[in-house]
Amino acid sequence: MAHAVISCLHANLAALEAVLADIDQQGIDTITCLGDLVGYGPQPNEVVNLVRERQIPTCQGCWDEDIIEGLNACDCSYPSQLAERRGQLAHQWTADQLSEENRAFLASLPMSLWRDRQLFVHGSPNSQHEYLLPDMDAFAALERVESAGAETLFCGHTHRPYVRELRDGSIRVRVRQTPGEPAGVAEAEDRELRLPLRRIINAGSVGEPRHGNTHATYVIHHEDTNAVEIREVPYDVERTCRAIVDAGLPPIFAWRLRHGFEYAERADDASHVCER
Amino acid sequence: MARWALISGLRGDLEAYEAIQADLRHTRRVDTLFVLGDVIGPERECNALLNRLQQPRRGELEPQCLYGWWEDQLLAERGYRGERRADALRLSQGEAAVDALLQAVDPAHMGWLAALQFGFIELDCALLHGSSAAVDDSLEPASSPLLLLDRLTRMDVNRLFTARSGRQFRLELSGGGIQSQVQDLEGQRHQQQGVPPRQVIGIGAGVHYTIYDPGSDRLDFLAAGSRPQQRARGFA
């Protein structure tokens, strides 16, 4: 059986329609969405409506959370004050546009979804705002999966699709402590932890790709072989760009979609712990 | 290079603090005193200790203080943590403990407590009450090495001094590694990463404190007022 995982739709209806058509064409009827249905893009209600119509199991993204709870992300979310002002403008515009029904839907979304030992989150198991980038410290990446009790972690948020396998890991430690401490660990003890094989699968972004191409991205997981396919789907970028400009959103959002790389709002400090 | 003294978990015990200060007067080359939180607690009135920390006596080392779990609970209950209240304390020890904590600290100290920081970075060391993840994160010798390495990585330091467990220990990451393979739209790449030589150090609580010499990396786990019956344990 194969299932598709999509993320970071960002109110881009043309991209979502194209991705769903691609999934349908392959006969896949199990889809999971990792959130960020809204934000930046010009069709928040249309995108939320389509996800609801298709009854796609969805977890809450950072944009979905902020629309419900108010914009309270710490300054890690934006690399500059200019970018932050644009983000705030998009937040306000989206909040004004979103219907009460769709706002209630976003509020109802869970932080995570489970299927067997597969965990689905937006950013990381710790936070919707944490970036798990493909080249982040391998032990820290493994810790995110292992501490959550998962074998495979599906995430989004970075807008860059990847599959990362972490294997053959071990950590040796030497512990020394004072006499008279509670028993359990000797005064000087060496021990070794063998680390399990774990995978992180990032679904990329449907509505705001940042992988160097304008195509929407998502992943297909073939459960019988455990193979993962990263899919690129072309869509009508100009249709979304025109809608962005017509809606009065910052034209740089359209420029980014045309170039396929989000220079303006890239945040890449994976070790940052959001203090929000 | 001068040495550091690290203490925590006084929980209002001025006598313990004075015993440590007396010890430090006889310990040469200690120039910095770090107090890694939990200076307050519900067991006793804490105002005398709080006054002393803010107004050291002549000849005493001036303490550099962080907030710990008990300060965090009090600050939450007094409305300094947004919507959050002392729910963790309430859940673990009941309403009476919350009331006792409120009674133990004069509200006049709240401004000083609210200004305390989460952690210090000194040289290549992080000085924290719990860990880089949270003030209530209790790191112990038996904690998962993967978790300990993560807590070190988050602050990009070689040594993490922690107080939350109340125990004195030195845990060294001494070896190991991991294979990583990433496949993305640009192709596939492999990476071998080793375990960096880093340490997590538990500094103790109450009269049990730690002296650290950054120049030699020597640690001494001490108990104030108990020498010479209980000798210090030094690990270089």
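Biologist: At what angle do helix α3 (residues 69-77) of chain B and helix α5 (residues 95-104) of chain B pack, and how far apart are their axes?
Modeller: In this predicted model, the two helices pack at an angle of about 90°, and their axes are 10 Å apart.

Biologist: Why are α3(B) and α5(B) called roughly perpendicular?
Modeller: Angles of 65 to 115 degrees count as roughly perpendicular. The angle here is about 90°, and α3(B) and α5(B) are therefore roughly perpendicular to each other.

Biologist: Which residues make the contact of α3(B) with α5(B)?
Modeller: From α3(B) come B:W70, B:Q73, B:L74 and B:E77, which meet B:V98, B:L101 and B:L102 of α5(B). By class, the residues of this contact are five nonpolar, one polar and one charged.

Biologist: How many residues of chain A are in contact with chain B?
Modeller: There are 39 residues of chain A in contact with 38 residues of chain B. On the chain A side, α6 (138-147), β6 (162-177), β7 (188-195) and β10 (227-233) are the elements that give two or more residues. The largest share, 16 residues, comes from β6(A). This side of chain A has 17 nonpolar, eight polar and 14 charged residues.

Biologist: Which residue in β7(B) is the bridge partner of A:L166?
Modeller: The partner of A:L166 is B:S180.

Notes:
Residues numbered from 1 in each chain as written. Chains lettered and ligands numbered in written order. Predicted model: local features only at pLDDT ≥ 70, side-chain atom pairs only at ≥ 80, totals over all residues. Axes fitted to C-alpha atoms, helices over the stretch in contact; angles between N-to-C directions. Helix = DSSP H or I, 4+ residues; strand = E, 2+ residues; numbered from the N terminus. Parallel < 35°, antiparallel > 145°, perpendicular 65-115°, else oblique. Contact = placed C-beta atoms within 7 Å. Nonpolar A, V, L, I, M, F, W, Y, C, P; charged D, E, K, R; others polar. Pairing = 2+ DSSP bridges.
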